[in-house]
Amino acid sequence: MSVSFFSPAWASTSLERIIVTPSRTGSLSERSGRSVTVIDESMMKFSVYDAIPDSMGEIGGIDVRRRGVEGVQADINIRGANFEQNSVLIDGVKINDPQTGHFTMDLPLTAMDADRIEILKGPASALYGPNSFGGTINIITKRPSGKSFAIMAEGGSFDYVSAGASLEYPLGPVNNRFSFESRHSSGYMNDTAFDIFAFTDKASIDTFLGVYDLMFGYQKKDFGASNFYSNLYPDEEEHTDTRFFNITGEAESGDLKVAPKLFLRRHRDKFMLDQNRPGWQTNYSTNYTYGGEINFVFENEILDAAYGAEVAQDTIDSTNMQTHSRTRDGIYIEVSPHLHERLDLKFSFREDYSTDFGWEYAPLVNGSIEIFKGLNISIEPFTR
């Protein structure tokens, strides 16, 4: 059981309503009983970092272990949980790498794609399943609308060059957004050079069955991995290729909202323990994660309820680890009764099945009481 006191940051301007990740039903950030940080586009623009993973390191409770600059590789630790114990999502779809958490932050996005980043600190297994023990990071990408064009370029020491562009342009009833980004450096020391390229295409269409988004993201990284995994071999080298395909939709009828999702993530990795000895201790790995989800949200004056199911398949084909696959299924429900306008109370339960570990359950009860404006008491008598 945990009890905490918190108050939102004071501001002189009025903030727009934001629906945040700690609830499947949707919750105002200032009323949520969980510890939540929302990094919006303006905050990312003023960050000293350009890469999305690096920008999260400026938030309290988030430890970003950067193995390389400019998003070469980073491990995210939330509240002391290691990089394998946090869920990372893009538009609500989990993209955790089944091989290793070191690859989870290989994000197939450009710095111009993120609309905001919602970070939930603390256990979230009852909402998002395994790997959510430490917390959840949900990267919300921009939905294309209208016409716009943006371009960026910068340079620095050690032959560092970065350039990118983003174009929004409608084609008939379909709104489109195309973005690309390229980064290069010869390295600040031996075996730290890198080349990174990312491309995204997101399309959105409003139909009589609701709004549907289609997204494709691609990222390729070639970099020197000096002492990444072993101090005995300072000349390691790595090449990764990440591709992500996602279709999401949302239809509404009365008090009920239905949100289906289909997704596919492929990650390829070539790792050389010593780049000066080609073919020696070189490992090739290809991972696939694919599946679908369907989420239902019911909201009225009495209560809010969310329930849904997901099914996913993980496969790995590796030189060293051989070939493996597993199936992951999950069902969940969350209920939030409207007992009082100052009380935010939620009951959540999730059951997950994996062919490796069988059935596991995760319950969650949490609430928040507003004493007066700006001061809340948060209570979590049971969480996992």
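**Close-up views of a predicted model**

**View 1. The largest nonpolar core.** The largest nonpolar core holds 26 residues. Those with the most contacts inside this core are Ile52, Met56, Ile62, Ile76, Ile117, Ile137 and Ile139. Five strands each supply at least two residues of this core: S3 (62-68), S4 (73-78), S5 (86-90), S7 (114-121) and S8 (135-141). Apart from this core lies another, of seven residues, including Val72, Phe194, Ala225 and Phe228. A nonpolar core is a set of buried Ala, Val, Leu, Ile, Met, Phe, Trp, Tyr and Cys residues joined through side-chain atoms within 4.5 Å. Buried means under 20% relative accessible area, exposed means over 50%, and partly exposed is in between (1.4 Å probe, protein chains only). Strands (E, at least two residues) and helices (H or I, at least four) are DSSP runs, numbered from the N terminus.

This is a predicted model: local features need pLDDT of at least 70, side-chain atom pairs count only at pLDDT 80 or more, and totals for chains, interfaces and linings use all residues. Residues are numbered from 1 along each chain as its sequence is written, and side-chain values use heavy atoms, with hydrogens and water left out.

**View 2. Isoleucine 117 and its contacts.** Contact means heavy atoms within 4.5 Å. Neighbours within four places in sequence are left aside here. Isoleucine 117 then touches Thr37, Val38, Ile39, Met44, Ile52, Ser55, Met56, Ile137, Asn138 and Ile139.

View 3. Strand S9 (residues 148-156) and strand S10 (residues 160-171) run antiparallel. Nine bridges join them. Two strands pair if DSSP finds at least two bridges between them. Isoleucine 151 has alanine 165, in S10, as its bridge partner. Three residues lie between the two strands of this hairpin. In the turn, phenylalanine 158 has a positive phi of about 55°.

**View 4. Arginine 183 and glutamate 70.** Arginine 183 sits in strand S11 (residues 174-185). Its relative accessibility is 4%, so arginine 183 counts as buried. The side chains of arginine 183 and glutamate 70 make a polar contact (3.0 Å). A polar contact is a pair of N or O atoms within 3.5 Å; within protein, one must be able to donate a hydrogen and the other to accept it, and residues adjacent in sequence count only if both atoms are side-chain atoms. Beyond four places in sequence, arginine 183 has other contacts, among them Asp50, Ala111, Tyr160 and Phe194. Glutamate 70 lies in the loop between S3 and S4. Glutamate 70 is buried too, because its relative accessible area is 18%. Its phi is positive, about 55°, although glutamate 70 is not a glycine.

**View 5. Glutamine 281 in a loop.** Where is glutamine 281 placed? The residue lies in the loop between strand S15 (256-272) and strand S16 (282-299). Glutamine 281 has a positive phi, near 50°, and is not a glycine. At 47% relative accessibility, glutamine 281 counts as partly exposed.

**View 6. Threonine 315 beside asparagine 287.** Threonine 315 belongs to strand S17 (residues 303-318). Asparagine 287 is 28 residues apart from threonine 315 along the chain, yet their C-alpha atoms are separated by 5.5 Å. Leaving aside neighbours within four places in sequence, threonine 315 is in contact with Thr286, Asn287, Tyr288, His324 and Ser325.
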